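Subject: Structure handover and notes

Dear colleague,

I am passing on the structure we spoke about, and my notes on it follow directly below. Please read them with the coordinates open beside you.

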Amino acid sequence: MSDGLINAPTSVIFGGVAVTGIAAALVGARRDLDDRTAPMAGLVAAFIFAVQMINFPILPGVSGHLLGGALAAILVGPWVGALCVSIVLTVQALIFADGGLTALGANITNMALIGTAAGFLAALALRRFATRGRFGLAATAFTAAFLGTVTASLGFVLEFAIGGDAAFSLGGVTGTMVGLHALIGIGEGVITALTVTAVAASRPDLVYLLRGTAKPLELRTSPLERAS
Amino acid sequence: MTRTKRTWLFFAGFALVALVIAGALSYFADSDPDGLDSATLKGCEVVQTPQGEQLTGSCIAQRAEDHDLAAGPLADYAVGGDDRFTGLAGVAGVAVTLALAGGLFWLLRKRDRTKT
């Protein structure tokens with residue numbers, strides 16, 4: 001969102017929420033990062049930046065784009081995922097003048113914290129389907145992304161309720177935001193399902209949600225390594 | 001091929017996909033307002049005037065402020081305001097994001113004592 005849509009005190013509050021969330025994510029992320037997952041997570045952030053540039057049509061005159069929270073959480077975990085989306089939003093605001101500077105805290109709260117958390121919790125709830133095969137994984141990724149997107153849009157509704165222009169009906173804003181983001185969520189779901197299944201097809205060991213379930217590649221490849 | 005080598009090959013492929021999306025596919029992005037912008041524009045009409053775009057009617061977006069960094073060299077995913085270079089801006093964004101995120105995550109990672 002741009003600056004000016006929510007008032008200064010509310011921007012400060014959600015700036016604090018964002019800083020607190022990022023601090024927690026920094027602590028949690030350490031556990032999930034190693035020599036292999038650290039570069040993977042950097043690439044996930046770069047990929048989300050790229051895909052966020054691609055607005056797709058959802059209605060005549062209205063577009064949507066990936067938010068990326070569920071995608072990041074499924075691939076690299078919720079803590080690292082929240083950091084990935086936070087970095088993308090910060091780069092967009094500071095370098096590409098996309099998303100206001102005082103609104104950065106609210107934007108991080110919505111897309112990096114709420115979107116990632118909601119997407120991850122949905123994916124976690126469906127994990128036993130995700131581990132059953134490609135279709136289960138795709139359905140899990142789609143559902144997680146859809147719910148993450150709609151929940152993230154409710155973050156804006158909350159901020160607008162606290163510090164937005166009271167002249168506009170909150171019910172109207174909520175209906176429009178949720179309706180449009182349900183449509184965007186379908187696109188988000190498709191992109192997330194395609195990406196996650198593509199990664200899982202070649203490297204299931206690099207998909208956080210499948211950790212501990214994918215057959216360890218080491219066991220399968222070590223005889224070949226020894227033979228060569 | 002060693003496991004490490006295959007992993008880095010996978011990473012190179014992933015990076016290439018991101019670069020192609022930001023560098024080439026970005027030209028095909030829909031330029032209509034996104035979900036949040038549309039929601040805040042509800043009640044307004046965008047009219048072209050000699051002073052630029054103006055909003056008539058009554059909508060939330062009328063309170064939106066111009067971006068403080070709107071004059072930046074890569075503002076709005078263009079280069080110096082020229083959106084023929086969107087792909088270049090996108091590639092720069094991917095590179096900066098990868099450097100910042102990759103650098104941060106590399107610093108945060110658990111040091112692997114049982115190096116593969």
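A cavity, as the word is used in this message, is a set of grid points where a 1.4 Å probe fits but cannot get out, and a residue belongs to the lining if it has an atom within 4 Å of such a point. Please keep in mind throughout that this is a predicted model, and that the values below are computed from it.

**The cavity**

By this rule the count comes to one cavity of 30 Å³ or more, and the space in the largest cavity amounts to about 40 Å³. Its lining consists of Leu67(A), Gly68(A), Gly69(A), Ala70(A), Gly115(A), Ala144(A), Ala145(A), Gly148(A), Thr149(A) and Glu188(A).

His65(A) sits in the loop between strand E2 (62–64) and H3 of chain A. With a relative accessible area of 15%, His65(A) is buried, since the cut-off for that term is under 20%. The side chain of His65(A) makes a polar contact across to chain B, with the side chain of Asp34(B), at 3.5 Å. Leaving aside neighbours within four places in sequence, His65(A) is in contact with Gln52(A), Ile54(A), Asn55(A), Phe56(A), Ile184(A), Glu188(A) and Asp34(B); of these, Glu188(A) is also one of the residues that line the largest cavity.

**Ser26(B)**

Which residues of chain A does Ser26(B) touch? They are Met53(A) and Ile54(A), and within chain B the contacts of Ser26(B) are with Ile21(B), Thr86(B) and Gly87(B), again not counting residues up to four places away in sequence. Ser26(B) lies in the loop between helix H1 (3–23) and helix H2 (35–41) of chain B, and its relative accessibility of 7% makes it buried. A polar atom of the side chain of Ser26(B) is 2.6 Å from the backbone oxygen of Ala22(B). Ile54(A), listed here as a contact of Ser26(B), is likewise among the contacts of His65(A).

**The disulfide**

Over all chains the structure holds one disulfide, formed by Cys44(B) and Cys59(B), whose sulfur atoms are 2.0 Å apart. The torsion about the S-S bond of this pair is about -95°, so the disulfide is left-handed. Because Cys44(B) lies in strand E1 (residues 44–49) of chain B and Cys59(B) in the loop between strand E2 (52–57) and helix H3 (86–108) of chain B, the pair ties together parts that are 15 residues apart in sequence. Both Cys44(B) and Cys59(B) are buried. In chain A, Cys84(A) also counts as buried, at 0% relative accessibility.

**Backbone angles in a loop of chain B**

Most residues other than glycine have a negative phi. Against that background, Asp76(B) has a positive phi near 60°, and Tyr77(B) has a positive phi near 55°. Asp76(B) is found in the loop between E2 and H3 of chain B, and Tyr77(B) has its place in the loop between E2 and H3 of chain B as well. Are these two residues buried or exposed? Asp76(B) is exposed, with a relative accessible area of 58%, whereas Tyr77(B), at 13% relative accessibility, counts as buried.

**Two helical positions in chain A**

Leu113(A) is part of helix H5 (residues 104–125) of chain A and counts as buried at 17% relative accessibility. Not counting residues up to four places away in sequence, Leu113(A) touches Val17(A), Ala18(A), Gly21(A), Ala82(A) and Ile108(A). Leu113(A) and Leu147(A) are 34 residues apart in sequence, and their C-alpha atoms are 13 Å apart in space. Thr20(A), by contrast, belongs to helix H1 (residues 8–32) of chain A and is exposed, with a relative accessible area of 56%. From Thr20(A) to Thr109(A) the separation is 89 residues in sequence and 9.9 Å in space, C-alpha to C-alpha.

With best regards

Note on methods
Residues are numbered from 1 along each chain as its sequence is written. Chains are lettered from A and ligands numbered from 1 in the order in which they are written. This is a predicted model: local features need pLDDT of at least 70, side-chain atom pairs count only at pLDDT 80 or more; totals for chains, interfaces and linings use all residues. Side-chain values use heavy atoms; hydrogens and water are left out. On a 1 Å grid over the protein atoms alone, a cavity is a set of points where a 1.4 Å probe fits but cannot get out, and a pocket is an open set with protein on both sides within 12 Å along at least five of seven lines; lining residues have an atom within 4 Å of a point. Grid points are joined across faces, edges and corners, and a volume is the space filled by probe spheres set on the points. A disulfide is a pair of cysteine sulfur atoms within 2.5 Å. Helices (H or I, at least four residues) and strands (E, at least two) are DSSP runs, numbered from the N terminus. Buried means under 20% relative accessible area, exposed over 50%, partly exposed in between (1.4 Å probe, protein chains only). A polar contact is a pair of N or O atoms within 3.5 Å; within protein, one must be able to donate a hydrogen and the other to accept it, and residues adjacent in sequence count only if both atoms are side-chain atoms. Contact means heavy atoms within 4.5 Å.
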